[in-house]
Amino acid sequence: MIKVAVAGALGRMGREIIKAICEQEDMKLVAGFERKGHEDRGKDIGELIGLGTLGVKLSTADEMDNVLKETKPDVFVDFTIADACVNNVKIAAENKVNLVIGTTGFTEEQKKEILETIEKNNVAAVISENFAIGVNIFFKVVEFLTKYLKDYDIEIIEMHHRYKKDAPSGTALKIAEIIKSNRDVELVFGRYGKCERKENEVGVHALRGGDVVGDHIVIFAGDGRG
Ligand SMILES: NC(=O)C1=CN([C@@H]2O[C@H](COP(=O)(O)OP(=O)(O)OC[C@H]3O[C@@H](n4cnc5c(N)ncnc54)[C@H](OP(=O)(O)O)[C@@H]3O)[C@@H](O)[C@H]2O)C=CC1
Ligand SMILES: O=C(O)C1=N[C@H](C(=O)O)C[C@H](O)C1
């Protein structure tokens, strides 16, 4: 049985992940966390998210170390926010729990800190800005087009729901990273007040509204070729 702990248990992703865990015969939710002082601390997570009683109480971030020691999960899944995730990862890794990190919005220093923590504690980790299979194939398509449409201008547009806390999205930044590692470009975040487009620029634009799950568009614009 794979024992799983989830940070951000009541969030949009946390709820879906817990539902998915409960559907697997070989997985068991053993702990779920929300931030310190959360009003639902101690309540049954299943009841909180409409799955019926699961027998797992909601814990808070300040209890994480003790709860992980008690429940001994095999995997710690984090879909929270960047600042919280850095700390959560430290506690989980020090308890030798393997990691799945879906949280986005990290600074470069935070990314470095997470990688150092993983290495120092010798735990396994899967980190992805986007776990959708289609999006990971899309990354390959972007890499291919960047290599072959050499003189085309590239712009990245992403749109997400009104609740999203980071911008641009982790996926848009990953796309920008893929383009940058295949072409000598400079990233431009929005174009307000900026004049003529430079040849080596890639614009990154974030839109927010409604309940849009997450759309990513990459435009390759060529002269007279569409
Ligand atoms: N990699 C991928 O495929 C995907 C990644 N994401 C990313 O996952 C993250 C979460 O997204 P989403 O579920 O929509 O966001 P939500 O805001 O719905 O959920 C995040 C949850 O984490 C909670 N939280 C905050 N601090 C802590 C803490 N210290 N310990 C435990 N929980 C905490 C939040 O509480 P509170 O509301 O009180 O702050 C909230 O309940 C984002 O970074 C998003 O970009 C999202 C979708 C797919
Ligand atoms: O916050 C979200 O919702 C999403 N975040 C991820 C990101 O920042 O790229 C992945 C997906 O787009 C949904």
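Around ligand 2 in this predicted model stand Thr-104, Glu-129, Asn-130, His-160, Lys-164, Ser-169, Gly-170, Thr-171 and Gly-214, a residue being near a molecule if its C-beta atom, placed from the backbone, lies within 6 Å of it. This shell contains no nonpolar residues, 7 polar and 2 charged ones, where Ala, Val, Leu, Ile, Met, Phe, Trp, Tyr, Cys and Pro count as nonpolar, Asp, Glu, Lys and Arg as charged, and the others, Gly among them, as polar. Residues are numbered from 1 along each chain as its sequence is written, while chains are lettered from A and ligands numbered from 1 in the order in which they are written. As the model is predicted, local features need pLDDT of at least 70 and side-chain atom pairs count only at pLDDT 80 or more, whereas totals for chains, interfaces and linings use all residues.

The shell around ligand 1 comprises 26 residues, of which Gly-8, Gly-11, Met-13, Ala-84 and Gly-102 come nearest. Two or more residues of this shell are given by each of helix H1 (12–23), strand S2 (27–34) and helix H4, and the largest share, 3 residues, is that of H1; helices (H or I, at least four residues) and strands (E, at least two) are DSSP runs, numbered from the N terminus. In terms of residue class, 9 members of the shell around ligand 1 are nonpolar, 12 are polar and 5 are charged.

The chain has 7 helices and 10 strands, and its C-alpha atoms fill a box of roughly 65 × 40 × 35 Å along the principal axes. Of its 226 residues, 29% count as buried, a term applied if 20 or more other C-beta atoms, placed from the backbone, lie within 10 Å of a residue's own, with exposed used for 12 or fewer and partly exposed for values in between. Among contacts with a separation of 6 or more, 69% join residues 24 or more positions apart, two residues being in contact if their C-beta atoms, placed from the backbone, lie within 7 Å.

The annotation "domain: Dihydrodipicolinate reductase C-terminal" covers residues 134–224, a span that is 29% helix and 30% strand and has its end C-alpha atoms 30 Å apart.

Helix H4 (residues 82–94) has 13 residues and reaches 18 Å from its first C-alpha to its last, close to the 18 Å expected at 1.5 Å a residue, the expected span being 1.5 Å times one less than the number of residues. Its buried residues are Cys-85, Val-86, Asn-88, Val-89, Ala-92 and Ala-93, and what covers them includes strand S1 (2–7), helix H3 (64–71), strand S4 (75–78), strand S5 (98–101) and helix H5 (108–121).

In H3, the buried residues are Met-64, Val-67 and Leu-68. These cover an arc of only 100° around the axis and are therefore on the same side of H3, the arc being that of the directions from the helix axis to the C-beta atoms. Asn-66, Lys-69 and Glu-70 are exposed on the other side of H3, while the buried residues of this helix pack against S1, S2, strand S3 (58–60) and H4.

Within S4 lies Val-77, which counts as buried because it has 28 C-beta neighbours inside 10 Å. Leaving aside neighbours within four places in sequence, Val-77 is in contact with Val-4, Val-6, Ala-7, Ile-17 and Val-100.

Backbone geometry was also examined. Most residues other than glycine have a negative phi, and most peptide bonds are trans. Lys-72, in the loop between H3 and S4, has a positive phi near 45° and counts as partly exposed because it has 13 C-beta neighbours inside 10 Å. Lys-96, in the loop between H4 and S5, has a positive phi of about 60° and counts as exposed, with 12 C-beta neighbours inside 10 Å. A cis peptide bond, with omega about -5°, joins Ala-167 and Pro-168, and Pro-168 is placed in the loop between strand S7 (153–160) and helix H7 (170–180).

Note on methods
UniProt positions are given in the numbering used here, feature names are shortened, and annotations may be inferred rather than shown by experiment.
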